Each structure stands twice: as structure tokens, then as C-alpha cells.
Amino acid sequence: MASTTVSVLLLFSSLLVVAFAGNMDQQFDVTWGDGRGKMLNNGDLLTLSLDKPSGSGFQSKNEYLFGKIDMQLKLVPGNSAGTVTAYYLSSKGSNWDEIDFEFLGNLSGDPYILHTNVFSQGKGNREQQFYLWFDPTADFHTYSILWNPQRIIFSVDGTPIREFKNSESIGVPFPKNQAMRIYSSLWNADDWATRGGLVKTDWSKAPFTASYRNFKADACVFSSGKSSCPSSSTSSSTSSSWLSQQLDTTAQERLRWVQKNYMIYNYCTDGKRFPQGVPPECRTS
């Protein structure tokens with residue numbers, strides 16, 4: 001474990017933490033959808049649309065190796081059953097890493113389900129799902145991923161909803177060696193997204209549209225085969241405090257509040273799914 005820590009710190013010593021904010025068109029490329037993904041308002045707003053022929057998607061111009069990523073989203077309003085709006089970090093290859101937000105649409109008046117997952121070295125199956133304490137279609141809300149060598153924290157409007165800690169000491173792989181891009185897509189998943197696929201997409205309500213703005217990344221950018229951040233001994237507390245950030249007492253209380261009142265599925269408590277015992281990271285405090 002000591003050698004791992006040393007190697008991570010050496011990795012951090014050679015590159016600068018970079019803060020990005022500004023126009024969506026400066027940070028992202030629409031990559032598919034044949035015109036269904038649009039940059040509006042002089043590049044400050046990005047929208048994705050879905051109709052029966054196709055959805056749409058975009059990806060970040062940069063790759064990141066650790067960072068604090070914020071994005072404001074306004075989800076598909078009305079009857080969004082069958083649709084999925086995915087917003088995630090992912091690397092490439094068969095042993096990829098991935099950190100997921102997925103928003104599962106629902107019938108008008110029924111709540112969205114916020115689905116989260118963490119993949120490390122190609123292995124996921126770490127789902128936690130939540131209802132939200134507001135209507136995510138009425139206005140923009142901020143969805144954040146804090147990713148540092150010790151933990152991954154998912155937050156909504158600054159409130160933590162999930163923490164995935166580095167448990168390499170007990171043999172659980174942790175995403176720390178592969179740079180990841182930010183991706184988002186709006187697509188049809190009516191074979192599973194709403195009530196296990198019982199409710200299908202109502203194409204008479206198409207096009208379905210999700211909106212994005214106010215992207216911000218305090219992050220280490222991976223470029224030309226190398227990436228890093230300052231070591232903890234030399235980093236500025238203002239520019240890269242997220243590199244060693246953890247949940248303080250207040251944040252832990254808010255996390256417990258969300259998980260008590262709004263969590264609807266936790267793989268760590270699904271004994272039927274794991275009859276031989278839940279995964280090892282679930283058994284740590």
C-alpha cells in the first residue's frame with residue numbers, strides 16, 4: 001500500500017490542476033445524433049434530444065485523471081417513461097473504469113429514479129438508486145462527481161448522496177490509473193428503464209429534450225500520455241483541496257439523511273442478489 005501511495009504522489013508531482021468553466025462548446029463535442037444535439041445561447045447551453053429514429057450524445061474534449069466535476073442538468077419533462085439520460089465519466093477498453101449518473105424517466109407525476117454505479121477494471125454491479133427531493137425537470141440542478149485517490153462522492157446541489165471509498169487494501173479495485181472523459185447521452189431504454197420495461201416510451205410525446213449548462217471542472221487533465229496533480233505536500237488548499245477532500249461531520253449527516261429518506265436500492269443490502277455474501281467493500285465501515 002505504501003508503494004502505491006508513493007507512486008500516486010509521484011504521478012501528482014508533474015502536472016498542474018486545471019480549472020475549467022465557461023461555454024459548453026469550448027469543453028464538449030456533440031458526437032452522435034445527426035443534429036439532435038445542439039449548442040445554443042452562444043455555446044452556453046447544450047441540449048440533447050431523442051425521437052424514435054435516434055437519441056443523441058456528447059463527450060468532453062479533455063480526459064481527466066481525478067477531479068471535481070460539476071454540471072447543471074434539466075431533465076426531460078412530462079411523460080419521460082422509457083428514456084434514460086446518462087451523465088458519466090468513462091475510460092476505454094475491456095477493463096474500463098466508469099462513474100455513472102443515470103436518470104431513469106417515468107410517467108408524468110411519478111418521480112425520476114437517479115441510478116448510480118461505479119465500475120473499476122471492467123467490473124460494475126455496484127448500483128445505488130435514489131428518488132430526488134425536488135422535480136428535476138422544473139429547473140436546472142447541479143450534479144457533481146468528486147473523484148480523488150481515496151474516494152468517489154456523488155452529490156446533488158452540494159448534498160452528498162453516495163460515497164465509494166478506495167478499498168484496495170481488501171482487494172477491491174479502485175478507479176485511479178485510467179483517464180476518463182465525460183460523456184452524456186439521451187436514449188431509449190424502454191426494455192428496462194421504467195418499471196423493469198413494463199412502461200414503454202410514448203413516441204407521440206417526442207422529441208424528448210434534456211438540457212445542460214454551467215459545466216465546471218477542477219481537475220487533472222490527461223494529455224499526451226501523461227497526467228498528474230500536485231502532491232498533497234505542495235498543493236494549494238484553494239486550487240486542489242478536492243484531492244484530499246472527505247466528508248466532514250455535516251456532510252456525513254446529510255448523506256445519512258439522503259440514504260435514509262430517498263435511497264430505494266442499495267446493492268450492499270441485496271442478499272438475494274449476493275447469496276454468498278455481499279461484496280467486500282460493503283462490509284467495511
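## Aromatic pairs

A search of the whole structure, a predicted model, finds 18 aromatic pairs. Rings of Phe, Tyr and Trp (its six-membered ring) pair if their centres lie within 6.5 Å; planes under 30 degrees apart count as stacked, over 60 as edge-to-face and the rest as tilted. Strands (E, at least two residues) and helices (H or I, at least four) are DSSP runs, numbered from the N terminus. Phe58 and Tyr212 are both buried. Buried means under 20% relative accessible area, exposed over 50%, and partly exposed in between (1.4 Å probe, protein chains only).

Trp203 and Phe208 also form an edge-to-face pair, 6.1 Å centre to centre and with 65 degrees between the planes. Trp203 counts as partly exposed because its relative accessibility is 22%, whereas Phe208, at 3%, counts as buried. Elsewhere, ring pairs link Tyr87, Phe101, Phe103, Tyr143 and Phe154 into a cluster.

## The disulfide

One disulfide, a pair of cysteine sulfur atoms within 2.5 Å, is found in a search of the whole structure. Cys268 and Cys282 form this disulfide, with their sulfur atoms 1.9 Å apart. The torsion about the S-S bond of Cys268 and Cys282 is about -75 degrees, and therefore the disulfide is left-handed. Both Cys268 and Cys282 lie in the segment after β16 (263-266), so the pair ties together parts that are 14 residues apart in sequence. Cys282 has a relative accessibility of 19% and therefore counts as buried.

## Asn106

UniProt, in an unreviewed entry, places the feature "glycosylation site" at Asn106. UniProt positions are given in the numbering used here, feature names are shortened, and annotations may be inferred rather than shown by experiment.

In the model, Asn106 is found in the loop between β8 (98-104) and β9 (113-119). Asn106 counts as buried because its relative accessibility is 13%. Not counting residues up to four places away in sequence, Asn106 touches Gly78, Asn79, Ser80, Ala81, Pro111 and Thr194. Contact here means heavy atoms within 4.5 Å.

## Gly43

Gly43 sits in the loop between β3 (37-40) and β4 (45-50). With a relative accessible area of 4%, Gly43 is buried. Leaving aside neighbours within four places in sequence, Gly43 is in contact with Asn23, Met24 and Asp25. From Gly43 to Gln27, 16 residues away in sequence, the distance is 9.8 Å, C-alpha to C-alpha.

## The whole protein

The protein has three helices and 16 strands. Of its 285 residues, 52% are buried. Among contacts in the protein with a separation of 6 or more, 69% are between residues 24 or more positions apart. The accessible surface comes to about 13,200 Å², and carbon and sulfur atoms hold 49% of this surface. Accessible areas come from the Shrake-Rupley method with a 1.4 Å probe; for residues, only the protein chains shown count as cover.

## Basis of the values

Residues are numbered from 1 along each chain as its sequence is written, and side-chain values use heavy atoms, leaving out hydrogens and water. In this predicted model, local features need pLDDT of at least 70 and side-chain atom pairs count only at pLDDT 80 or more, while totals for chains, interfaces and linings use all residues.
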